[in-house]
Amino acid sequence: PGAAAAAAAAGDEEVCVVGIFGKTALQLCSEKEALVSTVCDRQVFPLFQQEDPELADGAPGQEGEPAAKDYNQLQAYYSQESRVLYLVLTSICDTPQLLRACGDLAAAESREAGPGHPSGGPAPLPHAEAHEFWKHQEKLHCLSLLYLFSVCHILLLVHPTCSFDITYDRVFRALDGLRQKVLPSLKAAIKDCPVGKEWKLNCRPCPPRLLFLFQLNGALKVDPLPSRGQDPCGHLEKPPPKKHSPKRRLQHALEDQIYRIFRKSRVLTNQSINCLFTVPANQAFVYIVAGGAQDGDDPVAMLLDQLRSNCTMRETDSLLAPTLSGPRRYQMMRHGRQQLSFHAESSSSSSSSSGQLVDCTLKEFLWQHVELVLSKKGFDDSVGRNPQPSHFELPTYQKWVAAALKLYEVTIEGKDDDPTSLTGELSSKIMGSIKVLEGYLDIDTKFSENRCQKALPMAHSAYQSNLPHNYTMTVHKNQLAQALRVYSQHARGPAFHKYAMQLNEDCYKFWSNGHQLCEERSLTDQHCVHKFHLLPKAGEKPEADRNPPVLYHNSRARSTGACNCGRKQAPRDDPFDIKAANYDFYQLLEEKCCGKLEHINFPIFQPSTPDPAPARDESSPAPPEGEIEKLKEKEPQTQGESTGLSLALSLGQSTGSLGTYPPDAQGGGDNAESHGQSGDSKSEKRPSLVDRQASTVEYLPGMLHSNCPKGLLPKFSSWSLVKLGPAKAYNFHTGLDQQGFIPGTNYLMPWDIVIRTRTEDEGDLDTNSWPAPNKAVPGKRSAVVMGRGRRRDDIARAFVGFEYEDARGRRFMCSGPDKVMKVMGGGPKESAIKALNSDMPLYILSSTQGRGLKPHYAQFMRLFVVVPDAPLQITLTPQVQPGPPPCPVFYPEKQEIILPSDGLWVLRFPYAYVTERGPCFPPKESQQLMSYKVLRGILKAITQ
């Protein structure tokens with residue numbers, strides 16, 4: 001409309017508006033623009049269109065995204081001589097715009113893929129996104145068509161073939177539904193325009209008349225007339241010609257077919273005022289243009305032929321050619337060459353001496369409808385017994401521009417400069433009404449949605465098959481994967497992803513609505529059997545009837561365990577926290593069994609404030625691997641500067657011995673001997689008060705291990721060291737007298753330790769032991785006893801036992817890695833040196849397996865040590881690595897414990913091992929058993 005304003009010299013002239021839309025063939029020139037040139041008999045539009053910069057760059061603020069562009073373009077031309085305004089709609093149905101849209105899609109794919117795409121080329125858009133893009137463009141095309149149907153008197157539908165495209169029936173029904181939906185909004189938009197009342201009421205000057213233009217493209221060849229030197233009777237005898245030419249008969253057949261289709265689908269009804277468009281009852285509304293490859297569709301070939309024609313013409317018309325312009329120049333261009341696709345056929349070329357009716361030209365075909373408009377007669381296309389007259393208005397150019405501009409801003413531009421303006425409100429309403437088009441245009445999505453909706457119940461059944469009443473997230477994901485497999489077998493089309501997401505949401509709602517099992521796992525890797533519940537707070541009682549219920553975790557798994565000293569066994573529930581596993585159970589048995597025994601207590605956290613807080617590093621979620629590695633790299637550098645080291649330093653521990661665990665978690669056991677010697681050599685050097693002081697504000701919420709921050713202690717110890725009695729309490733021949741031991745496995749292994757005496761004593765013994773020959777030895781009996789005592793003091797015998805205990809309470813000793821002790825009588829013959837110099841497994845296959853396929857493991861729970869009454873010092877340095885690297889090394893709060901002499905000591909190991917990342921679960925496969933170990937060097941002896 002803006003372009004036509006410049007072409008209108010007289011604004012008060014009444015104009016007939018002709019709209020042209022449709023599809024074009026796969027060629028560079030546009031038949032619709034050539035049609036206007038043919039009717040006006042002049043070159044109106046350039047042959048090769050330049051790309052619109054606004055269309056190429058996209059809308060402002062949208063960064064050229066193809067989905068945000070509108071590839072529909074309106075061109076206008078006003079013929080003042082004939083008072084006809086032509087509106088030509090170019091869309092993605094035309095070859096240039098289609099190529100431009102495909103190029104933008106390819107560019108968008110390249111941007112999304114980026115330079116590092118593995119395939120080296122652009123990644124194709126997903127099917128659903130590409131489908132949504134093309135359907136969005138189709139909706140924008142419908143908005144442009146709605147505008148044409150609202151401002152034009154006559155509409156020309158151009159089609160590149162000679163068969164009717166049945167998809168137009170669906171498009172017109174969609175347009176009719178959209179127009180009825182947005183009619184109130186369009187009325188409000190033009191209510192102030194200087195047009196008639198009927199126009200304001202119906203938002204159009206009249207029900208437009210729709211005409212159809214088809215192109216043959218070689219499907220039906222018309223025989224050319226014989227040339228001058230050719231005898232028309234020289235060829236074979238032909239049957240007598242019919243009354244109508246083949247083109248006219250095809251035209252009538254298409255008219256009947258189109259009319260029947262539109263009447264069946266109720267696009268056309270008896271009352272034309274209610275229809276989107278009308279077709280004449282007694283006039284031709286289909287015109288067939290003879291064209292094809294033989295008629296010059298190729299613009300390059302046409303230009304070459306034109307060049308040859310102009311070169312030959314200049315010999316005779318050299319004076320006229322330079323002055324030609326306008327319509328005359330266009331006529332001269334057409335002379336001597338093949339005509340354009342849409343060409344005006346002269347009456348002489350279509351006439352025949354055989355008596356056939358003359359085919360009208362394109363301009364004659366169009367002008368019989370234009371004259372009805374310009375003469376203000378209008379279109380009386382209603383049929384039936386009681387036809388109602390339809391409104392008609394022939395506006396002046398200025399009035400038409402005023403109304404057309406308002407409709408253009410609302411329907412196509414969608415201006416929203418002022419949020420409070422009426423135009424912005426109407427635009428949003430129209431854009432919201434585009435949903436009406438989806439049911440008509442997007443047949444693929446409609447079919448896909450119906451197909452996916454039928455597949456959803458089958459997928460739901462697959463999800464719910466063989467499901468327990470309550471199940472975990474893992475089971476939910478497995479069942480969801482099965483449901484998605486069933487869904488993918490039946491669902492098709494662009495709605496696949498949408499309903500797959502809905503299936504995901506439906507399954508999650510089903511699971512979370514009363515079927516969700518508690519996700520907490522016990523420290524032995526057993527699930528809680530309760531449905532989703534809350535834990536009781538301090539002082540709160542469990543309530544199973546609440547929603548969600550308030551309950552303690554319970555896996556319904558029970559085991560049998562012994563107390564700290566091992567003399568009493570009791571059943572225990574599967575623990576879910578470290579305190580219940582390593583402290584509470586043993587404290588209950590402590591009152592019944594071990595409470596009166598001598599203990600060596602480990603240092604624990606001593607608060608100085610009423611509300612101590614857990615350490616931040618431990619209470620926060622597990623850090624990433626990179627941060628853990630950085631922490632490990634920093635620890636050796638900062639350990640000497642730490643101001644809050646463990647209280648173990650005050651008990652003879654050096655700073656260097658503490659620092660051996662974090663940098664070398666796995667090698668700590670290999671250096672146990674040197675580790676102990678360095679601690680012994682530096683035991684006389686007392687650390688400063690600052691180094692010995694542990695934190696009294698923050699405590700360690702878990703267990704002490706090699707990756708813990710320095711200077712923190714837990715609230716309770718997971719270890720226990722108890723004295724069962726003096727050394728003589730153990731009988732070498734009968735073994736331990738405790739519950740649960742498998743017969744023949746309750747013996748401790750002997751450990752012979754060489755005692756080194758002082759040099760003076762050795763010299764006295766050497767001179768006194770062997771008297772001179774022939775010399776009487778006084779006190780001979782005492783000398784023999786003294787000799788016996790000397791031999792006993794050279795070698796002291798200690799006893800060591802590595803006890804394993806399974807979940808059923810069965811206990812046994814091991815004499816080496818993966819070697820269960822078996823003594824027939826008289827005590828074990830094997831020494832403990834081999835076991836002490838080896839990494840003992842933390843878990844071992846139980847000697848008595850059950851009937852099931854799942855193996856039963858026994859866990860290293862206690863270390864028995866008999867310290868003799870001799871001048872030696874036995875140091876205990878336990879270190880446990882309960883998993884493959886990078887699992888840290890666990891140790892007690894007091895890393896080096898000196899066992900007093902003459903005693904039967906029991907070191908009880910933790911039942912579960914927990915880090916800041918969570919519990920270290922027992923192994924599930926026997927191949928991993930060697931990664932779970934008690935490091936060598938757990939005991940060492942030093943003579944005094």
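Buried means under 20% relative accessible area, exposed over 50%, and partly exposed in between (1.4 Å probe, protein chains only). This is a predicted model with residues numbered from 1 along each chain as its sequence is written, and local features need pLDDT of at least 70. Side-chain atom pairs count only at pLDDT 80 or more, totals for chains, interfaces and linings use all residues, and side-chain values use heavy atoms, with hydrogens and water left out.

**Figure 1. Y586 and F585 form an aromatic pair.** Y586 is buried, at 3% relative accessibility. F585 is buried too, with a relative accessible area of 10%. Rings of Phe, Tyr and Trp (its six-membered ring) pair if their centres lie within 6.5 Å; planes under 30 degrees apart count as stacked, over 60 as edge-to-face and the rest as tilted. By this rule the protein has 33 aromatic pairs. R572 lies over the face of F585, at 4.3 Å from the ring centre. A charge sits over a ring if NZ of Lys or CZ of Arg is within 6 Å of the ring centre and within 35 degrees of the ring normal.

**Figure 2. F860 and F909 form a tilted pair.** Their centres are 4.7 Å apart, with 35° between the planes. F860 lies in strand β19 (residues 857-867), and F909 in the loop between β23 (903-908) and β24 (914-915), so the pair ties together parts that are 49 residues apart in sequence. Both F860 and F909 are buried. Helices (H or I, at least four residues) and strands (E, at least two) are DSSP runs, numbered from the N terminus.

**Figure 3. The charged end of K715 sits over the ring of Y699.** The distance to the ring centre is 4.4 Å.

**Figure 4. Ring pairs build a cluster.** Its members are F21, F149, F164, Y168, F172, F212, F214, F262, F277 and F285. What does F262 touch, leaving aside its neighbours within four places in sequence? F262 is in contact with F164, D169, F172, F212, V267, L268 and F277. Contact means heavy atoms within 4.5 Å.

**Figure 5. The largest nonpolar core has 96 residues.** A nonpolar core is a set of buried Ala, Val, Leu, Ile, Met, Phe, Trp, Tyr and Cys residues joined through side-chain atoms within 4.5 Å. F21, Y86, F172, F212, F262 and F277 have the most contacts inside the largest core. Its largest share, 10 residues, comes from helix α6 (residues 167-189). A second, separate core has 82 residues, including I600, A796, M861 and V934.

**Figure 6. Helix α16 covers residues 443-464.** At 1.5 Å a residue, its 22 residues should span 32 Å, and the end C-alpha atoms are 32 Å apart, which agrees. The expected span is 1.5 Å times one less than the number of residues. Buried residues of α16 include T445, C452, L456 and Y463. The buried residues of this helix pack against α5 (127-151), α17 and α18 (496-512). N466 follows α16, with a positive phi near 60°.

Figure 7. pLDDT is the predictor's confidence in each residue, from 0 to 100. The protein averages 75, and 70% of the residues score at least 70. Over residues 224-230 pLDDT stays under 50, and the model has 3 contacts for them beyond four places in sequence.
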